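Subject: Structure for you to look at

Hello,

Here is the structure I said I would pass on. My notes on it follow below.

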Amino acid sequence: MSGRAALKWAGLLAAASLLLSGRFDFHEAGGQYARQGYLSSLYFLWLVIPTSYFLTLELSGRRGLARAACAVTFAVTSLPLHWLRLDRFRRVTTLFDADSVVPRLAWFPQNSQSGAPHERWLLLALVLGFAAVAWLCTRETGRWRRLWPWVALLALLALQTGLHTSMRSPYTYTPHFESPNKWYHGYLLPNGKAAVNADAIFFTSLEDHFNAIPRPIHPLLIRRSFIEYLSAPFSYFWNPYYVYLIFNPLLWLAAVACTYAYALELFGGQLEARLAAALAASGSGFIYYVAQPTSYLAGFAGVIFVFYLYERFLVRKGDPPRVGRALIYGALLGLLAATYDLFPFFAALLVYGWLRRVSVRDTAIAIAFGLAIPAGFVALQFQILHVPRDQTNAVVLWHTGAHLLHHLGHTSLVGAIELGEGLTAGFWQSLVFAFTLVAALLAAAGLFCADRGQRARIGTLLLPAFFTVGYLYLGGAEWGRVALADLPRFSYVAYPAIYLGAALALARLGAALRAPLGRRLAGLIPWAVVGLIFLLHNVDVLGYPALNYHFYWPTGVSCDPYAKPACSDLPSSF
């Protein structure tokens, strides 16, 4: 970067910093909350504005579009709401208790009411708005035909979102099936509307933090609050329930697009890429969290972003030079790590970089920068802003690590083999639950169909999930009476590997059936399997929630995972 360009960026960020100060009323509540909101927002602002430019430039190759994206980001992140007297419209999020109304499950077709007023119109507006923007951006180039499938795909994601809102959201209804008469949810609207899991308060509270709402926050998950920083300017005016009905389907669509692009580069064929994208578009993990105001879906989307952006910035050559691209990727990686805990991915990236023949120096620079960003944000909160600490989750992870080291240091060869057997069996069990068996079996078949290079890359994409489960398993961490390593949702970060392997297997299956069935019928078989997976992941809304329940818990339905003694139908723990 030239000195002139650096001065331009410094001036832009200085202007944004000044304008951002106008978002907060520093006289309110003695200025404590305004100071916390300003400095917390400023930390991410300095990263988001330049990365929005370089990311758009890399993906589109158009400087004009990159400047437009940067301008929009500048406006959204630095709009001086207080100076403009828009803070009179600032809203305060309230999570109404579950017992404010008598909770009832809402399965189709007996109960076809929406979970909140106007939510279906909002999802329709999302699709139409996306279509309008796509048309406006392509009307002069004639590329509309290339974009309309993505509009149709967003419509499919919006449909699944609309099916799984409020009391039909798996994350809302799962606690009810842990044991009879149990509920663990709240409502973001009065009169029993907009039901969400009760843990949503830990996330909406972070939006309050960035919006300087003068009340104490829940800092349990403050280390991964980047998505709440992005949503806060919108939740400032609108209920987060509606905000995330827009955010989550768009993030899901971005994950599907990255899956498609990655598969296209890996396999070189449109069929495999389309099948992988279709599988991601009906992914159980995305469905589970899509209608929740939490960072979980963003965390899942970030999984494929990590590897796809690595390919774009470090594997491919381009401008700026390699070290600059490593820093840009590191900034993106750090923002993703501030969305969800990505520690297993840092180790996997070292293997992935070696496999893709990227220099260790460049990968190390990116990882170091990626680690520094969330660490710096946490230091800002606790060391400078003196936000109260809640280390509940961190303590569990530290104790797990200490137990793991002790365990490994006192294990014999036979014990190590037993541990390996248990870990392998348990990891497969988690994959079966997380991917509803079918996709997991197809992925295993796909590994046999892949060539050596494809197999190595798909296997590397499995590593973050394997590292996560291995850490929890060897560390003996528990949640209730269930081993944390047993929870299938922790294995869902393997979805790029699973969907890529399954797509390859389905494509090969269709090719193998051409001779006996004919080209047309054989071509329909892979899509029929994808349709089956789609139905399995969405059948819960008809009153069959067991498969989605098992995405979260390996225990049987109504077998309380917190109770003792264990139910007889609890799968054997590893």
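Where is the place of Pro109? Pro109 sits in the loop between strand S1 (96-97) and helix H4 (119-138). Helices (H or I, at least four residues) and strands (E, at least two) are DSSP runs, numbered from the N terminus. The bond between Phe108 and Pro109 is a cis peptide bond, with omega about -5°.

Some conventions before the rest. This is a predicted model, in which local features need pLDDT of at least 70 and side-chain atom pairs count only at pLDDT 80 or more, while totals for chains, interfaces and linings use all residues. Residues are numbered from 1 along each chain as its sequence is written, and side-chain values use heavy atoms, with hydrogens and water left out.

Overall

The protein has 23 helices and five strands. For 574 residues, a compact globule would have a radius of gyration near 25 Å, and the 24 Å of the protein agrees with that. The radius is taken over C-alpha atoms, and the globule rule is 2.2 Å times the number of residues to the power 0.38. Along the principal axes, the C-alpha atoms fill a box of roughly 70 × 55 × 55 Å. Buried residues make up 54% of the 574; buried means under 20% relative accessible area, exposed over 50%, and partly exposed in between (1.4 Å probe, protein chains only). Of the contacts (heavy atoms within 4.5 Å) with a separation of 6 or more, 78% are between residues 24 or more positions apart.

Core

The largest nonpolar core holds 169 residues, and those with the most contacts inside it are Tyr329, Phe435 and Tyr495. Such a core is a set of buried Ala, Val, Leu, Ile, Met, Phe, Trp, Tyr and Cys residues joined through side-chain atoms within 4.5 Å. Helix H9 (residues 240-267) gives the largest share of this core, 17 residues. Apart from its neighbours within four places in sequence, Tyr329 is in contact with Val306, Leu309, Tyr310, Phe313, Leu314, Leu349 and Ala366.

Helices

Helix H1 (residues 3-21) has 19 residues and should span 27 Å at 1.5 Å a residue; its end C-alpha atoms are 27 Å apart, which agrees. The expected span is 1.5 Å times one less than the number of residues. In H1, Trp9, Leu13, Ala16, Ser17, Leu20 and Ser21 are buried. Seen down the axis, these buried residues fall within an arc of 135°, so they line one face of H1; the arc is that of the directions from the helix axis to the C-beta atoms. They pack against helix H2 (32-60) and helix H3 (63-78). Arg4, Leu7, Lys8 and Leu18 are exposed on the other side of H1.

Glu58 is found in H2 and counts as buried at 15% relative accessibility. Beyond its neighbours within four places in sequence, Glu58 is in contact with Arg312, Phe313 and Arg325.

Helix H7 (residues 201-210) is mostly covered, with nine of its ten residues buried. The cover includes H2, helix H8 (226-235), H9, helix H12 (296-315) and helix H15 (360-384).

Backbone

Most residues other than glycine have a negative phi. Just after H7, Ala212 takes a positive phi of about 60°. Asn191, in the loop between strand S2 (185-189) and strand S3 (193-197), has a positive phi of about 65° and is exposed, at 69% relative accessible area. Ala194, in S3, has a positive phi near 60° but is buried, at 0%.

Regards
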